[in-house]
Amino acid sequence: AYPSRKMDAQQLERYANLAPCFFAVMGVVFMAKCKVAWHPILNKTGWKKDGVFACSADAVFLRWASLASHMFFIIGAVIFGNGILAISNVLGLPLVLGFWCMSSSIIQSIMYTAVFKQSPMGTPDIDGPPVPARVVIAAVWIITTANYIVNRATLYKDVDETRLFGLMAVGVFLPAAIGAKHRTKHWRLHYMKDLPSRDEAKTY
(Lines give C-alpha, C1' and ligand atoms only; values in the text may rest on other atoms or scores of the structure.)
Protein backbone atom coordinates (compact mmCIF):
# COMPACT_ATOMS: atom_id res chain seq x y z
CA ALA A 1 0.00 0.00 0.00
CA TYR A 2 2.88 2.37 0.76
CA PRO A 3 4.24 2.49 -2.85
CA SER A 4 0.70 3.21 -4.05
CA ARG A 5 0.33 6.13 -1.64
CA LYS A 6 3.73 7.44 -2.73
CA MET A 7 2.74 7.21 -6.38
CA ASP A 8 -0.54 9.03 -5.66
CA ALA A 9 1.39 11.79 -3.89
CA GLN A 10 3.76 12.17 -6.84
CA GLN A 11 0.85 12.26 -9.26
CA LEU A 12 -0.83 14.95 -7.16
CA GLU A 13 2.38 16.97 -7.21
CA ARG A 14 2.50 16.73 -11.02
CA TYR A 15 -1.05 18.05 -11.22
CA ALA A 16 -0.16 20.79 -8.74
CA ASN A 17 2.74 21.84 -10.98
CA LEU A 18 0.54 21.85 -14.08
CA ALA A 19 -2.48 23.64 -12.62
CA PRO A 20 -0.91 27.13 -12.34
CA CYS A 21 -0.01 26.96 -16.04
CA PHE A 22 -3.65 27.74 -16.75
CA PHE A 23 -2.99 31.26 -15.48
CA ALA A 24 -1.48 31.79 -18.94
CA VAL A 25 -4.78 30.82 -20.57
CA MET A 26 -6.72 33.06 -18.19
CA GLY A 27 -4.37 35.95 -18.94
CA VAL A 28 -4.83 35.54 -22.69
CA VAL A 29 -8.62 35.58 -22.26
CA PHE A 30 -8.48 38.73 -20.10
CA MET A 31 -6.30 40.51 -22.68
CA ALA A 32 -8.30 39.32 -25.68
CA LYS A 33 -11.67 40.19 -24.08
CA CYS A 34 -10.56 43.34 -22.25
CA LYS A 35 -13.11 45.53 -24.07
CA VAL A 36 -16.09 43.48 -22.90
CA ALA A 37 -14.86 41.69 -19.76
CA TRP A 38 -16.12 44.52 -17.53
CA HIS A 39 -19.62 44.61 -19.06
CA PRO A 40 -21.14 42.11 -16.59
CA ILE A 41 -20.26 44.52 -13.78
CA LEU A 42 -22.20 47.37 -15.38
CA ASN A 43 -25.14 45.09 -16.09
CA LYS A 44 -25.82 44.70 -12.37
CA THR A 45 -29.09 46.30 -11.33
CA GLY A 46 -27.44 48.73 -8.92
CA TRP A 47 -25.31 50.25 -11.67
CA LYS A 48 -28.36 50.51 -13.90
CA LYS A 49 -30.34 52.36 -11.24
CA ASP A 50 -27.51 54.86 -10.80
CA GLY A 51 -27.79 55.80 -14.45
CA VAL A 52 -24.13 55.34 -15.29
CA PHE A 53 -24.88 54.28 -18.85
CA ALA A 54 -24.68 56.32 -21.99
CA CYS A 55 -25.12 55.59 -25.65
CA SER A 56 -22.10 54.59 -27.69
CA ALA A 57 -21.74 58.16 -28.99
CA ASP A 58 -21.13 59.61 -25.52
CA ALA A 59 -17.48 60.71 -25.49
CA VAL A 60 -17.18 60.71 -21.70
CA PHE A 61 -18.54 57.19 -21.36
CA LEU A 62 -16.27 55.92 -24.13
CA ARG A 63 -13.23 57.47 -22.44
CA TRP A 64 -14.03 55.65 -19.19
CA ALA A 65 -14.88 52.47 -21.12
CA SER A 66 -11.48 52.57 -22.78
CA LEU A 67 -9.76 53.09 -19.43
CA ALA A 68 -11.60 50.07 -17.98
CA SER A 69 -10.53 48.04 -21.01
CA HIS A 70 -6.92 49.11 -20.50
CA MET A 71 -7.00 48.02 -16.87
CA PHE A 72 -8.42 44.61 -17.77
CA PHE A 73 -5.70 44.22 -20.40
CA ILE A 74 -2.98 44.97 -17.84
CA ILE A 75 -4.55 42.60 -15.31
CA GLY A 76 -4.51 39.96 -18.03
CA ALA A 77 -0.86 40.68 -18.84
CA VAL A 78 0.13 40.20 -15.19
CA ILE A 79 -1.91 36.99 -14.88
CA PHE A 80 -0.33 35.75 -18.11
CA GLY A 81 3.11 36.50 -16.69
CA ASN A 82 2.33 34.29 -13.70
CA GLY A 83 1.35 31.55 -16.13
CA ILE A 84 4.71 31.92 -17.89
CA LEU A 85 6.43 31.48 -14.53
CA ALA A 86 4.42 28.32 -13.88
CA ILE A 87 5.25 26.92 -17.32
CA SER A 88 8.95 27.57 -16.72
CA ASN A 89 8.70 25.36 -13.65
CA VAL A 90 7.09 22.54 -15.64
CA LEU A 91 9.83 22.89 -18.28
CA GLY A 92 12.45 22.38 -15.59
CA LEU A 93 14.02 25.82 -15.88
CA PRO A 94 15.73 27.33 -12.82
CA LEU A 95 13.37 29.53 -10.82
CA VAL A 96 15.32 32.73 -11.45
CA LEU A 97 15.13 32.15 -15.21
CA GLY A 98 11.40 31.67 -14.84
CA PHE A 99 11.22 35.12 -13.24
CA TRP A 100 13.33 36.43 -16.13
CA CYS A 101 10.77 35.13 -18.64
CA MET A 102 7.92 36.49 -16.53
CA SER A 103 9.41 39.96 -16.15
CA SER A 104 10.27 40.06 -19.86
CA SER A 105 6.63 39.35 -20.66
CA ILE A 106 5.36 42.15 -18.43
CA ILE A 107 8.02 44.76 -19.15
CA GLN A 108 7.36 44.79 -22.88
CA SER A 109 3.86 46.18 -22.20
CA ILE A 110 5.29 48.81 -19.85
CA MET A 111 7.94 49.80 -22.40
CA TYR A 112 5.25 50.16 -25.05
CA THR A 113 3.23 52.57 -22.90
CA ALA A 114 6.36 54.55 -22.01
CA VAL A 115 7.44 54.96 -25.65
CA PHE A 116 4.09 55.46 -27.37
CA LYS A 117 2.14 57.11 -24.52
CA GLN A 118 -0.80 54.80 -24.97
CA SER A 119 -2.07 51.51 -23.65
CA PRO A 120 -0.91 48.34 -25.44
CA MET A 121 -4.55 47.96 -26.48
CA GLY A 122 -4.82 51.53 -27.79
CA THR A 123 -6.19 53.77 -25.03
CA PRO A 124 -4.42 57.15 -25.45
CA ASP A 125 -2.71 59.33 -22.85
CA ILE A 126 -1.40 56.42 -20.74
CA ASP A 127 2.32 56.29 -20.06
CA GLY A 128 2.48 53.31 -17.74
CA PRO A 129 1.91 52.33 -14.11
CA PRO A 130 3.00 54.46 -11.12
CA VAL A 131 6.73 55.13 -10.94
CA PRO A 132 7.43 52.69 -8.04
CA ALA A 133 5.91 49.84 -10.04
CA ARG A 134 7.99 50.76 -13.09
CA VAL A 135 11.16 50.86 -11.00
CA VAL A 136 10.50 47.47 -9.38
CA ILE A 137 9.63 45.68 -12.62
CA ALA A 138 12.55 47.27 -14.49
CA ALA A 139 14.94 46.36 -11.66
CA VAL A 140 13.78 42.74 -11.64
CA TRP A 141 14.21 42.50 -15.41
CA ILE A 142 17.64 44.15 -15.45
CA ILE A 143 18.98 42.02 -12.58
CA THR A 144 17.64 38.73 -13.95
CA THR A 145 18.93 39.58 -17.45
CA ALA A 146 22.39 40.44 -16.10
CA ASN A 147 22.37 37.25 -14.05
CA TYR A 148 21.82 35.10 -17.14
CA ILE A 149 24.42 36.93 -19.22
CA VAL A 150 27.08 36.63 -16.50
CA ASN A 151 26.31 33.04 -15.49
CA ARG A 152 25.28 31.55 -18.84
CA ALA A 153 28.52 29.60 -19.33
CA THR A 154 28.73 28.38 -15.74
CA LEU A 155 25.55 28.09 -13.68
CA TYR A 156 23.30 27.72 -16.72
CA LYS A 157 25.51 25.77 -19.11
CA ASP A 158 23.11 22.81 -18.94
CA VAL A 159 19.93 24.86 -19.41
CA ASP A 160 17.95 24.00 -22.53
CA GLU A 161 18.04 27.34 -24.34
CA THR A 162 15.42 26.21 -26.84
CA ARG A 163 12.95 25.90 -23.99
CA LEU A 164 14.15 29.09 -22.31
CA PHE A 165 14.03 31.39 -25.31
CA GLY A 166 10.99 29.66 -26.78
CA LEU A 167 9.06 30.36 -23.59
CA MET A 168 10.35 33.93 -23.49
CA ALA A 169 9.30 34.48 -27.09
CA VAL A 170 5.78 33.28 -26.31
CA GLY A 171 5.67 35.46 -23.20
CA VAL A 172 6.67 38.58 -25.12
CA PHE A 173 4.89 37.92 -28.41
CA LEU A 174 1.39 36.96 -27.26
CA PRO A 175 0.57 40.13 -25.26
CA ALA A 176 2.15 42.26 -28.01
CA ALA A 177 0.11 40.51 -30.71
CA ILE A 178 -3.16 40.79 -28.78
CA GLY A 179 -2.52 44.48 -28.12
CA ALA A 180 -1.71 45.07 -31.79
CA LYS A 181 -4.96 43.34 -32.75
CA HIS A 182 -6.95 45.68 -30.48
CA ARG A 183 -5.17 48.69 -31.97
CA THR A 184 -6.41 47.85 -35.46
CA LYS A 185 -9.70 49.44 -34.32
CA HIS A 186 -10.01 53.00 -33.00
CA TRP A 187 -9.97 53.08 -29.22
CA ARG A 188 -13.44 54.70 -29.15
CA LEU A 189 -14.99 51.71 -30.93
CA HIS A 190 -16.53 49.45 -28.30
CA TYR A 191 -19.09 46.67 -28.47
CA MET A 192 -22.05 48.12 -26.58
CA LYS A 193 -25.00 46.02 -27.67
CA ASP A 194 -25.05 44.08 -24.39
CA LEU A 195 -25.26 47.31 -22.36
CA PRO A 196 -28.50 49.28 -21.92
CA SER A 197 -28.76 52.79 -23.25
CA ARG A 198 -29.28 55.70 -20.86
CA ASP A 199 -33.01 55.80 -21.66
CA GLU A 200 -33.34 52.09 -20.97
CA ALA A 201 -31.45 52.43 -17.70
CA LYS A 202 -34.09 54.87 -16.45
CA THR A 203 -36.61 52.01 -16.31
CA TYR A 204 -34.75 50.27 -13.46
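Predicted model: local features only at pLDDT ≥ 70, side-chain atom pairs only at ≥ 80, totals over all residues.
Me: For helices, what are axes, and between which directions do the angles run?
Reply: Axes are lines fitted to C-alpha atoms, for helices over the stretch in contact. The angles go from 0 to 180 degrees and run between N-to-C directions.

Me: At what angle do helix α5 and helix α6 pack?
Reply: Helix α5 covers residues 59-90, and helix α6 covers residues 95-116. Their axes are 8 Å apart. The packing angle is about 160°.

Me: Is α5 roughly parallel or antiparallel to α6?
Reply: The two helices pack at about 160°. Angles over 145 degrees count as roughly antiparallel. That angle therefore makes α5, relative to α6, roughly antiparallel.

Me: Which residues of α6 make the contact with α5?
Reply: α5 passes α6 in a right-handed crossing. From α5 come F73, A77, V78, F80, G81, N82, I84, L85 and S88. Facing them in α6 are L95, G98, F99, C101, M102, S105, I106 and S109.

Me: How many charged residues has the contact of α5 with α6?
Reply: The contact includes F73 and F80 of α5 and F99 and M102 of α6. By class, it has 11 nonpolar and six polar residues. Its number of charged residues is none: there are no charged residues.

Me: Are α5 and α8 roughly parallel or antiparallel to each other?
Reply: Their axes come within 10 Å. They cross at roughly 160°. Angles over 145 degrees fall in one class, so α5 and α8 are roughly antiparallel.

Me: Which residues in α5 meet α8?
Reply: α5 passes α8 in a right-handed crossing. On the α8 side are L167, V170, G171, L174, P175, I178, G179 and H182. The contact divides into nine nonpolar, four polar and no charged residues. On the α5 side are F73, F80, I84, I87 and S88.

Me: Are α6 and α8 roughly parallel or antiparallel to each other?
Reply: The axes of α6 and α8 come within 8 Å. They cross at roughly 20°, and angles under 35 degrees share one class. The pair is therefore roughly parallel.

Me: Which residues in α6 meet α8?
Reply: α6 passes α8 in a right-handed crossing. α8 brings L164, F165, L167, M168, G171, V172, P175 and A176. By class, the contact has 10 nonpolar, five polar and no charged residues. The α6 partners are L97, W100, C101, S104, S105, Q108 and S109.

Me: Which helix gives the most to the lining of the largest pocket?
Reply: The largest pocket holds about 280 Å³ of space. Its lining has 11 residues, with A32, K35, K181, H182 and K185 nearest the centre. By class they are five nonpolar, three polar and three charged. The top contributor, with three residues, is helix α8.

Me: Which helix gives the most to the lining of the second largest pocket?
Reply: This pocket holds about 240 Å³. α5 and α6 each supply at least two residues of its lining. The helix that gives the most, with six residues, is α5.

Me: Which residues lie nearest the centre of the second largest pocket?
Reply: The second largest pocket is lined by 15 residues. By class, they are 11 nonpolar, four polar and no charged. Those nearest the centre are H70, I74, I110, G128 and P129.

Definitions and conventions:
Residues numbered from 1 in each chain as written. Heavy atoms only, no water. Helix = DSSP H or I, 4+ residues; strand = E, 2+ residues; numbered from the N terminus. Parallel < 35°, antiparallel > 145°, perpendicular 65-115°, else oblique. Left-handed = near helix turned anticlockwise from the far one by under 90°. Contact = heavy atoms within 4.5 Å. Nonpolar A, V, L, I, M, F, W, Y, C, P; charged D, E, K, R; others polar. 1 Å grid on protein atoms, 1.4 Å probe; cavity = no way out; pocket = protein on both sides within 12 Å on 5 of 7 lines; lining within 4 Å. Points joined across faces, edges and corners; volume = space filled by probe spheres on them.
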